[in-house]
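Visitor: I am new to this structure. Please show me how to read it, step by step.

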Amino acid sequence: MTVLPARQARAMRIGAAFEPTAAAYYRGVYPLEEMVRRGHEIVWPENDTGEARIAELDSCDVVYVFRRSEEALRRPLAKLAARGVGIVWDTDDDLSAVPRRRPNFKGIVRLCGQRQFT
């Protein structure tokens with residue numbers, strides 16, 4: 001495998017929060033480990049819970065969130081986003097396809113500010 005030289009850019013501080021599942025490894029952990037290899041700093045989640053270290057996210061350039069949406073996380077992330085911190089929500093699902101008849105539809109729709117990249 002040929003690795004192209006990285007652009008000269010400053011290292012980023014990246015916060016992370018995961019749903020503690022096996023999928024979190026290939027969706028978040030392994031890619032973030034590669035980011036460390038490339039010189040970036042990661043604020044890893046708490047132990048095996050996958051919960052963000054909320055107090056340490058203030059100094060992050062971006063926060064990556066995999067399948068978490070609890071209120072205790074959304075509120076501080078909304079404040080960070082208002083200050084210009086990038087927030088990446090990875091649901092691993094198409095939330096725009098949730099049927100309206102689902103009991104949790106209204107809660108999910110609030111998280112549906114997704115963008116399609118093709």
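Guide: Gladly. Keep in mind that this is a predicted model.

Visitor: How do strands hold together in a sheet, and in what order do the strands run here?

Guide: In general, strands of a sheet pair through backbone hydrogen bonds, and the pairing is either parallel or antiparallel.

Visitor: Which are the edge strands?

Guide: Strand 2 (41-43) and strand 4. Each of them pairs on one side only. Neighbouring strands of this sheet are turned against each other by 20° on average, ignoring direction.

Visitor: How many bridges join strand 3 and strand 4?

Guide: The two pair over 5 bridges, in the parallel sense. Strand 4 covers residues 86-90. Look for Val62: its bridge partner in strand 4 is Gly86. Then find Val65, which stands opposite Trp89 in strand 4.

Visitor: What do strand 3, helix 2 and strand 4 make together?

Guide: A β-α-β unit, and it is right-handed. Trace strand 3, then helix 2, then strand 4 to see the unit.

Visitor: Now the charged side chains. What lets two of them pair?

Guide: Side chains of opposite charge can pair when their charged atoms come close. The whole structure holds 11 salt bridges.

Visitor: Which side chain does Arg67 meet in a salt bridge?

Guide: That of Glu19, at 3.4 Å from N to O. This pair links distant parts of the chain, 48 residues apart. Arg67 sits in the loop between strand 3 (62-66) and helix 2 (71-82). Glu19 sits in the loop between strand 1 (13-18) and helix 1 (23-37).

Visitor: How accessible are Glu71 and Arg75?

Guide: Glu71 is partly exposed, at 35% relative accessibility. Arg75 is exposed, at 57%.

Visitor: Which residues are linked in a network of salt bridges?

Guide: Glu34, Arg37 and Arg38 are linked in such a network.

Visitor: Last, the surface. Which residues form a nonpolar patch?

Guide: Tyr25, Tyr26 and Tyr30. Together they have about 380 Å² of accessible area. Take Tyr26 as the example: this residue lies in helix 1. Its relative accessible area is 53%, so Tyr26 is exposed.

Technical notes
Residues are numbered from 1 along each chain as its sequence is written. This is a predicted model: local features need pLDDT of at least 70, side-chain atom pairs count only at pLDDT 80 or more; totals for chains, interfaces and linings use all residues. Side-chain values use heavy atoms; hydrogens and water are left out. A salt bridge is a side-chain nitrogen of Lys or Arg within 4 Å of a carboxyl oxygen of Asp or Glu. Helices (H or I, at least four residues) and strands (E, at least two) are DSSP runs, numbered from the N terminus. Buried means under 20% relative accessible area, exposed over 50%, partly exposed in between (1.4 Å probe, protein chains only). Two strands pair if DSSP finds at least two bridges between them. A crossover is right-handed if, with the strands pointing away from the viewer, the path from the first strand over the helix to the second runs clockwise. Patches are made of residues with over 30% relative accessible area and no salt bridge: like charges are joined within 9 Å, nonpolar side chains (Val, Leu, Ile, Met, Phe, Trp, Tyr) within 5 Å. Accessible areas come from the Shrake-Rupley method with a 1.4 Å probe; for residues, only the protein chains shown count as cover. Axes are lines fitted to C-alpha atoms, for helices over the stretch in contact, and angles run from 0 to 180 degrees between N-to-C directions.
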